[in-house]
Amino acid sequence: DLYRAVVKGNPGSLATVSAALYLLDRAADLKATPAEAEGWAAAAVKAADRYGPRLVADTADKVAAAALDVDGLAPLAAVYARAAAADDTAPPARRVRVLTTLAAAEEKVGQKEAAATVRATIAKLDAELDAAYRKAVPPFKPEPFAGRKDAAANRVAVLELFTGTQCPPCVAADVAADALIAAYPPAALVVLQYHEHIPGPDPLTNPTSVARMDYYRDRFEDQVRGTPTAVLNGTPTDVDGGGMEDAKEKFGEYRKRIDPLLEKSSAVRLTGSAARAGDAVTVGVGVGGPADPAATVKLRLFLVEDEVRYAGGNGVRFRHHVVRGV
């Protein structure tokens, strides 16, 4: 009732924009009629109008997104999605978001040809964004690993990065990890990326990634708390996160911790093979090494995807060495 009163009593106010969108987000729970929802949508866009066309387009997009999954409101979603998409001056990333809502709305109202046309535009914009991202990221040239000083050293370093597609400070860690993959051969460094629902839902999260973080959190509760967290050879590092501009610094911090480990040796010998047939992956592993290994020694196998294209909330468009299962 309070939000309804704000919408009714404050035409032209930013408070009306917020209140109307709040009501639309909860239209299903409120059992709102199409007429009520249309009134809230109109009030929101009318109030936004005094603040300029960009806010109008953004508000229309939010109206469409809120109405999209509410029974009976698909026509409303389509009307406002079309209005939002009419702003073709928006940056490409925002255009993709708006057009994605429009495509879904067109499909909901049975306009399949229109939806297909919109999706073709999205694909073109995505390709442009992908190309620009690959050209600009990482924002520095990773210096290749020069090799081990001790030719007899054979220890492989394993960096386990806990991250999330909605995590802003994970950007520096993710990009630094990508640079590490480019700088080191797999015989020197293995990078594994685990996704978590931090601070929001992440479609790359899975039971394996959650269990792995819980494993380390139980052992290092003061050091493993959130994302980004980097664990090197089983021990949490103190390397934190940051934005894209911090990636080069984090890359250097990781290297200072990785390089000394590569001068060590291990008696463990692993051999492996993998073959894929359809959706089935068959893995063979051979283990050699200490004649009498400790009872606590375990062999862990993870299924890892080399690259996943997913433009999450933090702007990172490609994810590398993502752990998919165990």
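This is a predicted model: local features need pLDDT of at least 70, side-chain atom pairs count only at pLDDT 80 or more; totals for chains, interfaces and linings use all residues.
Helix 1 (residues 2-9) and helix 2 (residues 14-25) have axes that come within 8 Å and cross at roughly 135 degrees. The crossing of helix 1 past helix 2 is left-handed. On the side of helix 1, the contact involves Y3, R4, V6 and V7, which meet A15, T16, A19, A20, Y22 and L23 of helix 2. By class, the residues of this contact are eight nonpolar, one polar and one charged.

The second pair consists of helix 8 (residues 170-183) and helix 10 (residues 247-258), which pack at an angle of about 55 degrees with axes 8 Å apart. Helix 8 is therefore oblique to helix 10. Here the crossing is right-handed. Helix 8 contributes A172, A173, V175, A176, A179, L180 and A183 to the contact, and helix 10 contributes A247, K250, F251, Y254, R255 and I258. These residues divide into 11 nonpolar and two charged, with no polar residue.

Length and burial were considered for two further helices. Helix 5 (residues 74-85) has 12 residues and, at 1.5 Å a residue, should span 16 Å; its end C-alpha atoms are 16 Å apart, so the two values agree. Its buried residues are A74, L76, A77, A78, Y80, A81, A84 and A85. The cover over these residues includes helix 3 (34-49), helix 4 (53-68) and helix 6 (92-108).

Within helix 7, the buried residues are A115, V118, I122, L125, D126, L129, D130 and Y133. Helix 6, helix 8, strand 7 (303-309) and strand 8 (318-325) are among the elements that cover them.

The loop between helix 7 and strand 1 (157-163) contains R155. With a relative accessible area of 31%, R155 is partly exposed, because that value lies between the limits of 20% for buried and 50% for exposed. Leaving aside residues up to four places away in sequence, R155 touches R148, A188, N233, L261, L262, K264, S265 and S266. R97 lies 58 residues from R155 along the chain, and the C-alpha atoms of the two are separated by 45 Å.

Technical notes. Residues are numbered from 1 along each chain as its sequence is written. Side-chain values use heavy atoms; hydrogens and water are left out. Axes are lines fitted to C-alpha atoms, for helices over the stretch in contact, and angles run from 0 to 180 degrees between N-to-C directions. Helices (H or I, at least four residues) and strands (E, at least two) are DSSP runs, numbered from the N terminus. Angles under 35 degrees count as roughly parallel, over 145 as roughly antiparallel, 65 to 115 as roughly perpendicular and the rest as oblique. A crossing is left-handed if the near helix is turned anticlockwise from the far one by less than a right angle, and right-handed if clockwise. Contact means heavy atoms within 4.5 Å. Ala, Val, Leu, Ile, Met, Phe, Trp, Tyr, Cys and Pro count as nonpolar, Asp, Glu, Lys and Arg as charged, and the others, Gly among them, as polar. The expected span of a helix is 1.5 Å times one less than its number of residues. Buried means under 20% relative accessible area, exposed over 50%, partly exposed in between (1.4 Å probe, protein chains only).
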